[in-house]
Each structure stands twice: as C-alpha cells, then as structure tokens.
Amino acid sequence: KMSAQEDGAYPRLNAELMNSGNYAGNIVSLVGCVESFDGRVVQFKCADGGVINAMAEADFAVSTGGFAEFVGAVNEDNSLQLFVTRELPSDMDLEVYNQMLTQVIHNPKFAEYGFVSAPVATNEMAE
C-alpha cells in the first residue's frame, strides 16, 4: 500500500493547501466549480478561488459551471489524478465551505475533534 491513509478519511483541501506541496501522494477531497474540460484536464476552481488541474478520463461528465467534490490523488506537480466526482447542488456556498476549511478543519485549535487534515507520509514503508 502506498500510504497509511485510512479508507474514506481524506483531507479536505482548497487550492492553497493543495499547492503547499505537503499532500503529494495523498488522496484528498476538493470542493469547487468546473471551469473547463479539454478531454483530459479539468480546470477546477476550488473553494478559495484558486484553480487546480485535475487529470480526468474522457467520459468526465460534470458540466462547466457545475459545483462538485473531487476525490483523487495529488501528483508531484500538485495536480489531481481524479478518482471520484460527486456533483453538488447549485446553491453550494464556496465561501462558507472555505471558511470551514481554514477556520475549523485546518485550525490547530480544533485538532482534538479529529478532523482529517494532516498529510500522510507516502515515501515510508508501513511497519
């Protein structure tokens, strides 16, 4: 197994966190809006307004402008290898979601609540 990540327990990130370089090799969750899709790469605007590249299959089906959650593995270049897409309601408030990320989930003050936010080392063999 590549990492010691628990199944179903994925750090929720925005573009700034994703681009920190700390999550390469980790499976993560991003929420945002599809800006474009060229048949291979999805330009995905994350909750903080930053745009990331997600590598998708040709049958990717979320319409441009639609809100979605993307779950996938972070590549070395901080792009996302997309595994799962969940469409979200059109009234999704990305600003509120981003505040939850920055002020609660990734805030050390609330670490005792067990939010999954820290990256998992992927270059070490699990004992």
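Rings of Phe, Tyr and Trp (its six-membered ring) form an aromatic pair if their centres lie within 6.5 Å; planes under 30 degrees apart count as stacked, over 60 as edge-to-face and the rest as tilted. Ring pairs of this kind link Phe37, Phe44, Phe60 and Phe70 into a cluster. The model is predicted: local features need pLDDT of at least 70, side-chain atom pairs count only at pLDDT 80 or more, and totals for chains, interfaces and linings use all residues. Residues are numbered from 1 along each chain as its sequence is written, and side-chain values use heavy atoms, with hydrogens and water left out.

A search of the whole structure finds four aromatic pairs. One of them joins Phe60 and Phe70 edge-to-face, at 5.8 Å centre to centre and 85° between the planes. Phe60 sits in the loop between strand 4 (51-55) and strand 5, and Phe70 in strand 5, so the pair ties together parts that are 10 residues apart in sequence. Helices (H or I, at least four residues) and strands (E, at least two) are DSSP runs, numbered from the N terminus. Both Phe60 and Phe70 are buried. Buried means under 20% relative accessible area, exposed over 50%, and partly exposed in between (1.4 Å probe, protein chains only).

Phe110 and Tyr113 form a tilted pair, 6.2 Å centre to centre with 40° between the planes. Phe110 is partly exposed at 24% relative accessibility. Tyr113 is exposed, with a relative accessible area of 58%.

Now turn to helix 2. It spans residues 94-105, and its buried residues are Leu94, Tyr97, Asn98, Leu101 and Ile105. Seen down the helix axis, these fall within an arc of 105°, so they line one face of helix 2. The arc is that of the directions from the helix axis to the C-beta atoms. An α-helix has 3.6 residues a turn, so residues three or four places apart point the same way. The cover over the buried residues of helix 2 includes strand 1 (12-13), strand 2 (27-37) and strand 5 (67-74).

Asn98 belongs to this helix. Its relative accessibility is 15%, so Asn98 counts as buried. Leaving out residues up to four places away in sequence, Asn98 touches Asn14, Ala47 and Asp48; contact means heavy atoms within 4.5 Å. The side chains of Asn98 and Asn14 also make a polar contact (2.9 Å). Such a contact is a pair of N or O atoms within 3.5 Å; within protein, one must be able to donate a hydrogen and the other to accept it, and residues adjacent in sequence count only if both atoms are side-chain atoms.
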